[in-house]
Amino acid sequence: MTGEIDWTGRISKWGDKMLRSSLYEAANVLLTRVAKWSALKAWGIRLARQSGLREAKLAVARKLAVILHRMLIGGTEFEWSSKETTNQTA
């Protein structure tokens with residue numbers, strides 16, 4: 001089976017080009033400009049050290065798309081940390 005390539009886990013070029021560009025740009029900003037740390041940013045930085053910044057941006061963009069989709073379906077807000085914080089009033 002020469003010539004066949006199995007691409008798994010990548011952002012395909014199907015769909016809206018502007019959406020793909022926006023997701024990539026959001027991942028770029030999250031990894032390089034945003035000072036506040038989140039579980040997503042920490043994961044992306046670890047990935048960037050292993051496989052390079054470009055691949056990390058693509059992976060964060062894909063994960064960001066999944067997170068945004070789940071937020072849309074569930075009607076929830078983005079959680080900056082993986083720990084659940086509770087606001088207790090005294």
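**Helix packing and ring contacts**

I'll begin with the rings: the charged end of Lys41 sits over the ring of Trp37, 4.9 Å from the ring centre. This is a predicted model, to be clear at the outset. There is another case, with Lys63 over the face of Trp43 and a distance of 4.0 Å to the ring centre. How many aromatic pairs are there by the rule we use? The count is zero.

Now the helices. Two packed helices are described by the angle between their axes and the distance between the axes.

Take α2, residues 39-51, and α3, residues 53-74: their axes come within 8 Å and cross at roughly 150°. Angles over 145 degrees count as roughly antiparallel, so α2 is roughly antiparallel to α3. The crossing of these two, α2 and α3, is right-handed. On the α2 side, the contact is made by Leu40, Trp43, Gly44, Leu47, Ala48 and Ser51. On the α3 side, the residues include Leu53, Ala59, Lys63 and Ile67.

Next, α1, residues 17-32, against α3. Which angle do α1 and α3 make? They pack at about 110°, with their axes 8 Å apart. That makes α1 and α3 roughly perpendicular to each other. The crossing of α1 and α3 is right-handed. From α1, the contact draws on Leu23, Tyr24, Ala26, Ala27, Asn28, Leu30, Leu31 and Thr32. From α3, the contributors include Arg54, Lys57, Leu58, Ala61 and Leu68. The contact of α1 with α3 divides into 14 nonpolar, two polar and two charged residues.

Methods:
Residues are numbered from 1 along each chain as its sequence is written. This is a predicted model: local features need pLDDT of at least 70, side-chain atom pairs count only at pLDDT 80 or more; totals for chains, interfaces and linings use all residues. Side-chain values use heavy atoms; hydrogens and water are left out. Rings of Phe, Tyr and Trp (its six-membered ring) pair if their centres lie within 6.5 Å; planes under 30 degrees apart count as stacked, over 60 as edge-to-face and the rest as tilted. A charge sits over a ring if NZ of Lys or CZ of Arg is within 6 Å of the ring centre and within 35 degrees of the ring normal. Axes are lines fitted to C-alpha atoms, for helices over the stretch in contact, and angles run from 0 to 180 degrees between N-to-C directions. Helices (H or I, at least four residues) and strands (E, at least two) are DSSP runs, numbered from the N terminus. Angles under 35 degrees count as roughly parallel, over 145 as roughly antiparallel, 65 to 115 as roughly perpendicular and the rest as oblique. A crossing is left-handed if the near helix is turned anticlockwise from the far one by less than a right angle, and right-handed if clockwise. Contact means heavy atoms within 4.5 Å. Ala, Val, Leu, Ile, Met, Phe, Trp, Tyr, Cys and Pro count as nonpolar, Asp, Glu, Lys and Arg as charged, and the others, Gly among them, as polar.
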